Amino acid sequence: MKRRILLSVALVCVLGGMAGTAQAAGVVFDASDNSGGWFECSNSSVIFGVNNDIGCVHLALGEASVGKSLAVIKPGESVAFGSQKGAQTIHTAVSLIYPTVAGQGTNPSMPFDNDLDPGTSNAPITLQEEGLYVFFCDIHPYMFAGVIVTNNPVDAVVNGTGLKLGTTLTLHNIIAPDNTPELTMYSYSDLALRLVHTFFIATNPANWQNFSTNAKWNPRYPGVPVLASANGTTYNAGPVNLNDTLQGYFGETGGKQLTAYPTPPQGSGVGQVWVDTQFEKTDKTKPGTATAVDASTWKVTNKVALQLNNPHNMWTSADQKLIYQTEWFDNYLTVFDRKTGASRGRIAVGPAPAHVMTRTTNDEVHVSLNGGNDIVELTAKPKTTADIERNIPMGPTADGAHTHPHAHWMSADGKMMVTPNADSQDSTLYDFYPYNHIGSKVHTGHFPIATGMMPDSSKYYVANFLDSTISILKIHQEDGNLPTATFKKNINILTDKYNLAGLTSVDPKGAGGSYITGPVGALPIQTPVSPDGKYVITANTLTATLLVIDTATDTVVRMLGCDAGCHGVQWGAKKGGGYYAYVSSKFSNRLLVVDPKSGSDATIVGSVLLTTANKVSSGFQTDATSFDPIYEGMGGQGVLPIPVVYNGWVQHLPEEWKEQLTPHQKHPFPIQ
């Protein structure tokens, strides 16, 4: 955000005569499908410049997008959440960060949790305690709304006394190292700074990493004075400028030189790599495209827009001819032709479909309803709702609430499925054959979001987003018994290496991802196991790091840098043998290519620009007529290499694909 907020707020000095009778005041955040402005602020009864109020920052600035998800209000004023901006599926508003004192006492205002159905609004809540509040959608966890509550906010900015962030901040329902059900951090700690930094990257598209040129990355933040605490008891002596502090801490002062124009790997992959460029804006109403890259030339060959609304994750049919595409901010599974991009059906499956996979034995399609409780089962090559066979509940939970399953995984033999259940904080193992029944539900950590299974179905990995842990669950398949899973161990990728209070242990050089000492990760997402079962690679969105886990020892053996909003990982075949891991990032427009080698020496061997500037010289296909340059190639989330070479799927490939693979790639497990 621009420093012009100081100039804007200074206008209040000439508006002093406007101050009138005190009134019920507040702001409203409405959920939307728009990239970057997912929670859009509007002033309910706050009036900028009246009664020392600021309200919605983008309205105070007079700008359309800068500060669209941020408000500054006074103690005793209110915040409300709704879904009045055209959102097509369920969202939630949940307290992620709040001043610790707001969760204490006899009538605490925090924690907070509300569902937001399309077209609805919820009653406002009054915030009495000064400090920083961040709310998020716990279905789509990069949807943020921020509120700073401080006495006399205009005076705090104009006179430089500082907006108070709170001395300690609480991350609710995040398991701390001492196993308490919440984590408290100093407001001027490394973790707090990283979370604030992430908020301002995510909510302002001008702060995303654009690799289309060699320009420097120059993210901007509110140039306002803030008060924070490095000891958890008292505020630091004097306020600091938030923009200068964040830029200085993350090595961005004067801009940070991006890696040179993406250089593709010297070696080729096999087939294609599809990436959900979920935030890309075209001439259609809703954001998002599916982008195809030729793994032999590393050029973009296709961009599919159709009616997609925030396309999130993909899979393919056994013959590799159809792409199954979820629309996470909607209710649909879209099916399109892989070669032409032509639609083959748009199927209403339920709220917020997130991930999709097929069973290896019959090619049936399974879609997770992240806004519900079920996995939807469809026939092979579905086209209409008539092809929905059943809904498979992943609950019930103890209190009857939804499980909200996200990135599930299917076993190589087609007999089992495992899900991470974000709302019930556990993982379901479901047996298809012969029992058609839930085998177990095992507690993992807070906000399990993704899974990856060993090629022999002996164990699986669960990424716990808000705990920053990886749970390892052992699968038991005794003859004649319903298969079950039991908890084996957690890999704590953050707090074992992390000083939660201070500034020193993760980022001693204060320059962001490449200087993090580790290995360390935070807010992990996709966590697939390599087809040969040797390695897991985990994308960590907060620290912008990739962690390589050796499955033989279940230890982290390598850390690599990643881009802002590091998110998606899938494995594809490397030409001539071995595998590449393909990595996407939400707030970047390039794809990273990782060669795992022997694990401890895993290397990023290249990157691929996901915009039309990198399209093939002839034969490029798209149904879109225009691309917004700010958003082009942005929002990398789901990744799908074609052909699918995971154990169980690779054996069913058509010969035209098999002949491009080595013997070991055609039979990846057990390793010969």
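Hi everyone. Two strands count as a pair if DSSP finds at least two bridges between them, and strands themselves are DSSP runs of at least two residues, numbered from the N terminus. This is a predicted model, where local features need pLDDT of at least 70, side-chain atom pairs count only at pLDDT 80 or more, and totals for chains, interfaces and linings use all residues. Residues are numbered from 1 along each chain as its sequence is written, and side-chain values use heavy atoms, with hydrogens and water left out.

Let's begin with a sheet. E11 and strand E15 (residues 225-227) run parallel and are joined by two bridges. Within that pair, Lys-164 sits opposite Leu-227 of E15.

Next, a hairpin. Strands E38 (residues 545-550) and E39 (residues 555-561) run antiparallel, with six bridges joining them. Asp-550 faces Thr-555 in E39. Four residues lie between the two strands, and in this hairpin Asp-554 has a positive phi near 50°.

Finally, which strand holds Asp-115? Asp-115 belongs to strand E7, residues 113-116. Its relative accessibility is 46%, so Asp-115 counts as partly exposed (buried is under 20% relative accessible area, exposed over 50%, partly exposed in between, with a 1.4 Å probe and protein chains only).
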